[in-house]
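Hello,

Here is the structure I promised to send over. My notes on it follow below.

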Amino acid sequence: MTEQEKATLSRRGFLKAAALAGTAAALSGCAPTQSEGDSPALSETGEEFTEDDVKYVKTLCRGCITECGVIATVKNGRVVRLEKNPEEPRSGVGLCPKGLSGLQALYHPNRGKYPMKRVGERGSNQWERISWTEAIDTIATKLEEMREQYGPDALIYTTGGGGHPQFYTPMRFENAFGGGTSFEPGAAQCYVPRISTFWLMDGMNADTSIADGNCHELYFEDSPVKSYVMWGTCPAWHGPSLQGKQVAKLRERGVKTVVVDPRFTPDAARADVWLPVRAGTDPALLMSWLRYIIDSKLYDEEFVTQWTNAPLLVNPETKMLIRQSDLEEGGDEKTFMVWDTNTNSVKPLGLAFDESLAPALLGTYEVNGMQCSTGLQVLWEAVEGFTLEKAAEICWLDADKIEEAIKIYADGPGGLSIGVATDQHPSSSVCAMAACQLNVIMGYVGKPGCLLQSFGMTPNGEALPFYGLRTEESVRKAFGTSTEYKGLGLNMHAHIPSTLAAIETGEPYQPHIWMEGSGNKLALLANPERWRDAARKMDLVVHLYMYPTAFTAECADIFLPTFEWLESYMLQGSLNYTFVRQPATHLFETIDGKYIPSMIIKKCAELGNPTAQIAIEGTDECLGGDRYWKDFDDYLAWMGECVGLDKAGFDEILEKGYREFMPEEEYRRYEVFKQINPETGLPNGVDTSTGKLELYAESLITLGRTGAPWSLPVILEPASEDYPPVPYYIEPDESPLTDTEYPFVMSNGRLPMYHHATLRNIPYLREAYPVPEVWINADSAADLGIADGDWVHVSSRRATITSRAMLTQAINPREVYMERFWNPEFLENGEDISQSWKAMNVNMLSNGDSRYDRVYGSYTLRGYTVKIEKTDAPPKGVWYEPEDFEPWMPQPSDETEMVFA
């Protein structure tokens with residue numbers, strides 16, 4: 001047997017394992033690991049070794065953001081096998097296809113091996129190898145020349161969710177450099193809208209995003225959870241070996257589930273109710289749930305009265321809650337006013353509930369000559385018109401099924417998880433707000449069996465930014481090019497379309513250097529052709545990634561090769577444990593993508609950048625004495641410090657793979673907001689203006705007017721209009737109700753074999769899903785003369801792409817579905833490299849130019865209209881037969897020493 005055969009996972013073994021982990025785990029919850037019953041000293045090919053030949057490295061997968069525990073078998077420096085680490089506390093089944101692909105990713109022949117410099121025209125894809133010293137010196141010199149000529153804010157540094165990025169790396173770098181703006185495609189379109197809104201409204205830094213490993217209550221076998229709603233999220237596909245497995249176990253325990261998704265996913269197939277909502281109309285459906293619950297008095301009245309701002313009175317002129325200081329001279333600004341039904345008068349109510357009061361939850365009352373409504377009354381008036389029948393008409397649903405779903409949800413304890421789907425249209429903040437309100441109004445907060453919790457925090461080794469080095473002007477610019485979309489301040493992200501316009505027009509300022517730390521922006525952004533052209537206007541474009549992509553070929557001047565996850569370090573919190581990703585091997589001249597920026601900052605400091613000098617020294621100006629790393633050992637020492645460990649303690653966690661960060665009784669804390677603070681004698685409350693959870697989102701009004709809390713200590717100019725504190729519905733800009741030329745509504749969503757734009761170069765995954773399919777209802781396809789497997793053109797008002805038709809009854813006859821895609825084969829087979837991101841990329845069709853969400857600036861990736869027509873053949877050069885992918889089969893390489901500048 002050859003060395004390549006020894007290190008290569010067999011096709012049969014891969015597909016068998018993928019089926020076990022990806023399907024059985026999602027649907028039954030009983031999937032074994034792919035190696036159950038085997039000796040731990042067998043490779044995937046069945047070859048036996050002696051224990052002296054191998055070592056076992058406990059690490060963490062980064063095929064997606066789930067970060068499952070992995071045991072890597074390493075023989076003579078080469079990784080020959082991956083299996084699930086059964087000690088990972090949230091799971092114990094086999095790895096999913098994304099995790100199993102780690103070997104093929106690590107030993108892919110097209111790995112980024114060395115720093116490279118462009119030698120031809122941008123877009124010619126011609127490169128030469130350079131040293132790390134030359135690469136770092138070139139980048140730092142260009143940055144310092146830019147800083148001197150244009151100022152530090154002419155820098156853009158971007159990242160994304162694919163691979164194993166550090167989301168704060170760009171902001172950390174920019175703060176050490178002295179300025180700049182950053183974004184990642186998912187910020188406004190994924191994660192930030194729902195997370196930021198929940199955190200603002202619940203005041204607990206709690207959310208219900210199961211896709212991001214949250215909803216910890218679902219992982220406890222003794223949890224009394226009874227109902228669970230998955231709204232725009234599919235655990236069976238986005239995280240089959242962890243979240244998917246857990247949802248399957250919940251169903252086995254009798255937990256009732258509801259799935260809201262245009263697609264009939266595996267979770268929908270096993271749900272008690274499936275609601276195939278029309279993409280882009282989620283706010284109408286959410287508002288109908290709120291209306292029904294309020295009208296039917298299904299909510300937790302005691303909780304809502306005592307622990308939310310629902311009974312507090314709203315000033316109709318300022319839209320803010322009425323403080324005691326507004327009505328009484330010398331009144332307390334942290335005490336709020338309610339209408340007491342016992343005395344029919346306005347009364348003060350502080351954080352501690354006054355049992356002598358009977359606050360009205362609904363109604364409008366005269367206060368100082370004003371007609372003031374309660375917070376719940378304002379919410380009711382916003383949703384009152386959204387009956388089940390109206391929502392059914394708007395969303396293409398059955399009213400009886402909506403009612404059935406609501407009743408399941410109301411029979412708690414439980415919760416509603418909202419996913420990426422609702423982040424990807426211009427009502428992202430509305431959906432997040434309504435989802436939070438639904439969890440809060442039911443009292444699904446802090447109690448056993450509920451999703452919103454304030455459990456103890458375990459550190460994850462994220463390199464947080466230190467803002468103390470930036471000027472106030474630079475902080476303002478970091479929020480983007482306008483006063484809008486202040487919700488992006490959670491991660492200091494700029495608005496993506498506004499950044500594109502700034503590059504194109506030079507207004508309000510001209511970016512000159514772009515550093516990109518994720519995979520393929522041309523596959524993930526709307527308006528990809530404009531982005532390609534904009535990148536070519538930049539003075540310097542640097543791409544840091546595991547392998548070259550279309551972005552590298554079309555846009556970059558310098559390519560810096562980063563670790564694959566089997567080469568990298570990272571700490572990850574999981575329940576009350578801290579786990580560690582650690583390298584199983586190291587290849588070529590790759591370096592950690594989080595550490596490379598510190599090399600650049602160190603060189604900038606040497607070139608005289610005063611901010612970089614402070615960052616490297618780690619003075620108190622760097623937020624708590626944090627620092628950039630002088631060398632890689634310093635980086636590893638810092639990682640241990642993140643979990644309070646010295647070098648010996650960090651070495652111990654590397655050996656064991658994990659440690660208990662805190663006892664479970666300290667971690668698993670319930671109803672913390674009710675507990676009495678001994679220093680004040682009052683309940684702890686939550687971190688909102690009232691100390692209570694919000695059903696009336698006053699925090700969003702404050703955010704829009706000032707940028708607080710995300711911009712503090714800087715106060716920003718007000719947005720052009722207040723952010724609404726209650727939900728509303730606007731029909732999508734491109735609506736099938738009025739568009740006959742483009743009759744289908746496009747939806748997107750994840751598949752089990754890919755994560756964002758990654759892994760399209762993995763041969764076995766491409767064999768399983770070689771080209772993007774467009775799901776189309778079989779009846780609709782028959783009307784168009786389209787058969788299953790036919791090649792089709794999918795067109796929007798912006799572009800036309802090619803796909804293969806998958807006929808199904810698992811989608812509404814008026815909707816279609818595609819997953820984002822790009823084709824790496826075009827970078828090497830002599831064809832037009834732009835076809836890699838044009839030919840089959842659904843984001844060529846998406847709408848980045850119409851209405852944006854008021855709070856987050858989200859644009860339309862789902863819910864726009866398209867048409868479908870049969871065509872004769874796939875684009876020339878697309879690989880789709882199994883033998884096509886042979887050039888990407890792994891080529892094992894010897895372990896190498898690290899090389900630095």
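In which loop is C215 found? C215 sits in the loop between helix 8 and strand 8 (227-231). Helices here are DSSP runs of H or I with at least four residues, strands are DSSP runs of E with at least two, and both are numbered from the N terminus. Phi of C215 is near 55°, a positive value in a residue other than glycine. C215 is buried, with a relative accessible area of 2%. Buried means under 20% relative accessible area, exposed means over 50%, and partly exposed is in between (1.4 Å probe, protein chains only).

Some ground rules before the rest. This is a predicted model, in which local features need pLDDT of at least 70 and side-chain atom pairs count only at pLDDT 80 or more, while totals for chains, interfaces and linings use all residues. Residues are numbered from 1 along each chain as its sequence is written, and side-chain values use heavy atoms, with hydrogens and water left out.

Another positive phi

Y191 also has a positive phi without being glycine; its value is near 85°. Y191 lies in the loop between helix 7 (186-189) and helix 8 (192-202). Y191 is partly exposed, at 25% relative accessible area.

The overall fold

The protein has 32 helices and 28 strands. Its radius of gyration is 27 Å, close to the 29 Å that the globule rule gives for 901 residues, so the protein is as compact as a globular protein of that length. That radius is taken over C-alpha atoms, and the rule is 2.2 Å times the number of residues to the power 0.38. Along the principal axes, the C-alpha atoms fill a box of roughly 85 × 65 × 55 Å. Buried residues make up 66% of the 901.

Now contacts, meaning heavy atoms within 4.5 Å. Take those between residues at least 6 apart in sequence: 73% join residues at least 24 apart.

Surface and charge

The accessible surface comes to about 30200 Å². Carbon and sulfur atoms hold 47% of that surface. The areas come from the Shrake-Rupley method with a 1.4 Å probe; for residues, only the protein chains shown count as cover. There are 80 positive and 128 negative side chains. Lys and Arg count as positive, Asp and Glu as negative; His and the chain ends are not counted. The centres of the two sets lie 2 Å apart, with each charge placed at NZ of Lys, CZ of Arg, CG of Asp or CD of Glu.

A covered strand

Strand 17 (residues 513-516) is covered on both faces. I513 and M515 are buried on one side, W514 and E516 on the other. Which strands pair with strand 17? Strand 6 (residues 155-158) does, in the parallel sense over 4 bridges. Strand 18 (residues 540-545) also runs parallel to strand 17, joined by 4 bridges. Pairing needs at least two DSSP bridges between the strands. I156 stands opposite W514. E516 stands opposite H543 in strand 18.

Cis peptides

G412 and P413 are joined by a cis peptide bond, with omega about 10°. P413 lies in the loop between helix 17 (399-410) and strand 16 (414-418). The bond from A708 to P709 is cis too, with omega near 5°. P709 is in the loop between helix 29 (698-706) and strand 23 (744-747).

One lysine

K602 is in helix 24 (residues 596-606). K602 is partly exposed, at 34%. Leaving aside neighbours within four places in sequence, K602 is in contact with I616 and K630.

Best wishes
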